[in-house]
Amino acid sequence: MGMNVSRQVDLTENEYLQRFVGKRHIPAYDDEFWDHFLHYHINLPSNSQEQLSLDSRLESLCQNFISHNLHTGNFGSLINVFLLKVSELLTLSDTESNFHIWQAFNALFIIRCLVKYMIETGSEYQLLQHFEALPVQPADNDTAAPTETDTASTSTAISIDVRAVEETKAAVAKLVDGSKFETFLEALVNIIVVLPVKEFTYHLHLEAVNCMIILLSVSLFSQQTMEKSTIYRTIYRCQHANTLMSALLHFLSRMSQAPQTMFGFGTGGSFVFGIAESLWSILTFARKQPDILTAHDLPTAFREHYPLANQSLLLILILTNHHATKDNPYRMSLFGCSDSQDSPKEDPATFKIDFSSLYNTLCRIVTIDQATLLLYLLLYRNQRFQKYVMAQQNLQQLVIPILQTLYNAPDSTSHHIYMSLIVLLILSEDDNFNKSVHQIMLKNITWYTERSISEISLGGLLILVVIRTIQYNMLKMRDKYLHTNCLAALANMSGQFQSLHPYVAQRLVSLFETLAKKHARLDQQLKQPNDVHGSEPDISIPIGLTSEDMLQDLSVLEEVLRMVLEILNSCLSHQLVYCPNLVYTLLYKRNVFEAFRSHSAFQDIIQNIDMVVGFFSSRLQRVQEQRGELGVNEVLEVISKGASQWSSDRLRKFPDLKFKYVEEDAPEEFFIPYVWTLVCKAGCVHFSSETIKGVSTEIVC
């Protein structure tokens, strides 16, 4: 399989596995069997190759399990053993519980493997049948050869067994009410919310979170609506939604690194409790030693070194995005939490968490797709968290990584780019944010390679990256909504533009110039479709567009041009005195507006720009007549003096530019496939994409 596994063990030859998936019932009270059966250690598969290797080695055993369990009820016995281990854990001290934690983990890992197989290959109803299945016959460990009397009655026994199995199936059908599953789910929740996370409990917590993700993955492999799903109904009516969401968000916020060993197993396979070698298998996939969280491969580092935080984040997204338009207790819990440092007099909260710790964690990992999505949910839906973020003095720690994601757009998915822009749009709705970003000065932004800039404001860098995103979208993605969100963010900020770097001012005007050239070419192509000789081809206009397509593109382009003009006008109307470099650029590039002065869609707003250009142009002309040719610094000096005498009352008044992000009516159609794509791509649990039915395979696979 291309794997580096320390010991290749044929699991099908293992005595205890064979007995578990065999034809005879093993009661939960058979301590000797379960002690041997749960006596193993394994490093969890962390990628699709390792998962494929494990799945292929377990497949024949899982098939035997499916064939026999409704008759033996051994899965129910394993569940009962697991439930007993968990109940004991909740009453034991740390020193007493290590061994129980190890065995509880091993039991849960086997349960997870079987549940995953049943979900991927069968129906939810069949899965619940196996949860509820009771043994047809009592335990019988006698494997001696049959006597002559036994042989004589074999055919009768077979017919009785077949009838008994059918009767059992009928009885199980009546029992599939989800009660056993509900008890199992409660045990998972208890592990997550009651047990404190310590080095020796870390992987048990991780396995409980993984198991919940596996259970919720039933939506991937079923075409029925989740309103009809017993698993979903049970999970979403859980009375512990607040404590579960609180625990998961704390797991993310604290971002504890995974221990280098599991339950004390070292690289040599020794165990601190003095237990002998595993009696049925040791599966140890090759692992690199943990490294620091590095920016060049942050998603992989986060998944491998902080798996509990990663999986908790994914589970939060699953729980909050399903049933988004219905009564979802997890969604209400996340959106209603508050800062643990807040005054007790604050409005009641679903739970409290340290916003400082959560904010700092999100700043560290916000370039990861799933972290951006959680940030979006918190900013858009949790007013307390949004207020906290807007009050931060170190906004650059959050904004710069988002800008890096947009700057490196070819390395990101269109969904990630889109969500990053929406986060910026939500931030730009706040006037204090728009003001403070121009007061935060940055030096040596090495990742911005278009031009070397020694110093620039955070606001200036934001403008540059958003403009670059618009131009990238024009060439690659051609997404109207992405244009709209980019321009809406710039428009919200435009009334607070201050101290714009000369290069930022140039890029703002150049954006209009680039769009104007494209508009002219499209317009010419529509008027004279065959007369394209001698003109330079425009790579932003795809070959083969029909007249209708070009008319639609021209209409969109005019909307974008109008928005850019409104952004320039807003800055001149509110902040002209603080933006001499923008005035300088408009004077230098005044000709780019020439073709639009007589255009009905732009006339009114270009009159304002012409008035500003005319005022400063006449002042410069007078100074030049007195002094002769002026240098750049002298021109800027004239502009600054003129700005102090300029009155914005001369300009035609336009409504303030204020755009607000509003989520679409059916968010589940976008977010559910998106979330499961992230689970499949970035999670520690890997699924068989061949049998996925319930979510668009175009997105997931």
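## Notebook: loops, buried spots and helix pairs

I began with Asn-444, which counts as exposed because its relative accessibility is 57% (exposed is over 50% relative accessible area, buried under 20% and partly exposed in between, with a 1.4 Å probe and protein chains only). This is a predicted model, where local features need pLDDT of at least 70 and side-chain atom pairs count only at pLDDT 80 or more, while totals for chains, interfaces and linings use all residues. Residues are numbered from 1 along each chain as its sequence is written, and side-chain values use heavy atoms, with hydrogens and water left out.

**Positive phi**

I found Asn-444 in the loop that runs between strand S5 (441-443) and strand S6 (455-457) (strands are DSSP runs of E, at least two residues, helices are runs of H or I, at least four, and both are numbered from the N terminus).

Then I looked up Met-255, also not a glycine, and noted a positive phi of about 45 degrees. The loop holding Met-255 lies between helix H12 (241-254) and strand S2 (282-283). Met-255 counts as buried because its relative accessibility is 6%.

**Whole chain**

I noted 30 helices and 6 strands in the protein chain. The chain has 701 residues, and 53% of them count as buried. Next I checked contacts (heavy atoms within 4.5 Å) between residues at least 6 apart in sequence, and 78% of these join residues at least 24 apart.

**His-68**

I went to helix H3 (residues 48-72), where His-68 is found. His-68 counts as buried, because its relative accessibility is 18%. What does the side chain of His-68 meet through a polar atom? I found the backbone oxygen of Val-21 at 2.8 Å from it (a polar contact is a pair of N or O atoms within 3.5 Å; within protein, one must be able to donate a hydrogen and the other to accept it, and residues adjacent in sequence count only if both atoms are side-chain atoms). With neighbours within four places in sequence left aside, I listed Val-21, Gly-22 and Lys-23 as the contacts of His-68.

**Asp-431**

I placed Asp-431 in helix H21 (residues 431-436). Asp-431 counts as partly exposed because its relative accessibility is 38%. Gly-495 is 64 residues from Asp-431 in sequence, yet I read 9.0 Å between their C-alpha atoms. Not counting residues up to four places away in sequence, Asp-431 touches Gln-496 and Lys-658.

My list of buried residues in H16 has Phe-355, Leu-358, Tyr-359, Thr-361, Leu-362, Cys-363 and Ile-365.

H16 (residues 355-365) packs on H17 (residues 369-381) at about 140 degrees, with the axes 9 Å apart (axes are lines fitted to C-alpha atoms, for helices over the stretch in contact, and angles run from 0 to 180 degrees between N-to-C directions). That angle makes H16 oblique to H17 (under 35 degrees counts as roughly parallel, over 145 as roughly antiparallel, 65 to 115 as roughly perpendicular and the rest as oblique). From H16, I saw Leu-358, Leu-362 and Ile-365 meet Ala-371, Leu-374, Leu-375 and Leu-378 of H17. I sorted the residues of this contact into 7 nonpolar, no polar and no charged (Ala, Val, Leu, Ile, Met, Phe, Trp, Tyr, Cys and Pro count as nonpolar, Asp, Glu, Lys and Arg as charged, and the others, Gly among them, as polar).

I moved on to H17 and helix H18 (residues 383-390), whose axes come within 5 Å and cross at roughly 100 degrees. H17 and H18 are therefore roughly perpendicular to each other. Leu-375, Leu-378, Leu-379 and Arg-381 of H17 meet Gln-383, Phe-385, Gln-386 and Val-389 of H18. I sorted the residues of the H17 and H18 contact into 5 nonpolar, 2 polar and 1 charged.

**H24 and H26**

My last pair was helix H24 (residues 502-527) and helix H26 (residues 580-588), with axes that come within 8 Å and cross at roughly 45 degrees. H24 and H26 are therefore oblique to each other. I found Pro-502, Ala-505, Gln-506 and Val-509 in H24 meeting Asn-581, Leu-582, Thr-585 and Leu-586 in H26. The residues of the H24 and H26 contact divide into 5 nonpolar, 3 polar and no charged.
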